[in-house]
Amino acid sequence: MTKKKDQEDASEGPRPNSGPGPAQRPATAGQPAAAGQPAAAPEGGPCESAEDKISALETEVADLKDKLLRKQADFENYRKRMLREREESQRYSNATLLNDIIGLIDDFERAIRSAEESKDFANFLKGIGMIEKQFVETLENRWYLKRFSAVGETFDPNRHEAVQRVEGPAGSKPTVVEDFQKGYYLHERVLRPARVKVMVPTSDEPKAGSGAPGTGAASREPDATAAGGSAGGPAGGPAGGQ
């Protein structure tokens, strides 16, 4: 019985495998598909067309133009705001200084009113002197405006303006001997030079014949000329005619 069954199996041949054969397995990536099966689509989708790329670039350009216009508008608004703030700052930049001056004006008004009532000139003069001192101290301590006196100093053209001069000892330095108008510093810069009288040494006076009137040898020039003309002037001159 067993032999008969084995013979039947041998005569039927090999039985087909129930699983898929090599021809039925799906093609893997990188391998060609079997005959009769469609090829798998590549990863990433279909290629973009030229029209799609142009449309994307046009959209990007439009977005950049919009951003540029917005930036320009923001800058223009900023510039106008800065101009308004600068004009306002210049218009009201002296507000604090003027507020200090207003207080001093009040002091002057009180002093004048008191003098009108009391008719006391001595007290009025004393009050004016106190207000002047307070004014100078306010300008110096709060606004760095410092008044300087030049009497006794060597003449400095950067700080002094000579409006008058007098003769001094020979060999001495030009020296300020009187203030006609005091000078002022603003911080370290000369805001207004002092108008002064300067004493200059005699050797610095103009020489004879320079034409400068009223000083030294120049003032004696007409006498010397007259003496020379009377002693022996040129023929035909006034001296020879006499």
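## Overall composition

What does the accessible surface of the chain come to, and what share of that surface belongs to carbon and sulfur atoms? In this predicted model, the accessible surface is about 19,700 Å², and carbon and sulfur atoms account for 55% of that area. The chain has 242 residues, of which 13% are buried.

The secondary structure comprises 6 helices and 6 strands. In sequence order, the elements follow the pattern α-α-α-α-β-β-β-β-β-β-α-α. Among contacts in the chain with a separation of 6 or more, 55% are made by residues 24 or more positions apart.

## The three-stranded sheet

Strands β1, β4 and β5 form an open sheet of 3 strands in the order β1-β4-β5, and their pairing is antiparallel. Because β1 and β5 each have a single partner strand, they stand at the edges, and one side of each is left without a neighbour in the sheet. From one strand to the next, the twist averages 40°. Helix α4, covering residues 121–143, packs on this sheet and touches β1 and β4. The direction of α4 makes about 125° with that of β1.

In general, the strands of a sheet pair through backbone hydrogen bonds, in either a parallel or an antiparallel manner. Strand β1, residues 145–148, is joined to β4 by 4 bridges in the antiparallel sense. One of the residues involved is R147, whose bridge partner in β4 is Y184. On the β5 side, 3 bridges connect β4 to residues 189–192, again with antiparallel strands. Here Y185 has V190 of β5 as its bridge partner.

Strands β4 and β5 form a hairpin with 2 residues between them. In this hairpin, H187 takes a positive phi near 60°.

## A nonpolar surface patch

Which residues form a nonpolar patch on the surface? The patch consists of F75, Y78 and M82, which together have about 300 Å² of accessible area.

M82 lies in helix α2, which spans residues 50–91. The relative accessibility of M82 is 31%, so this residue counts as partly exposed. The reasoning rests on the cut-offs: buried means under 20% and exposed means over 50%, with partly exposed in between.

Technical notes: Residues are numbered from 1 along each chain as its sequence is written. This is a predicted model: local features need pLDDT of at least 70, side-chain atom pairs count only at pLDDT 80 or more; totals for chains, interfaces and linings use all residues. Side-chain values use heavy atoms; hydrogens and water are left out. Two strands pair if DSSP finds at least two bridges between them. Axes are lines fitted to C-alpha atoms, for helices over the stretch in contact, and angles run from 0 to 180 degrees between N-to-C directions. Contact means heavy atoms within 4.5 Å. Patches are made of residues with over 30% relative accessible area and no salt bridge: like charges are joined within 9 Å, nonpolar side chains (Val, Leu, Ile, Met, Phe, Trp, Tyr) within 5 Å. Accessible areas come from the Shrake-Rupley method with a 1.4 Å probe; for residues, only the protein chains shown count as cover. A salt bridge is a side-chain nitrogen of Lys or Arg within 4 Å of a carboxyl oxygen of Asp or Glu. Buried means under 20% relative accessible area, exposed over 50%, partly exposed in between (1.4 Å probe, protein chains only).
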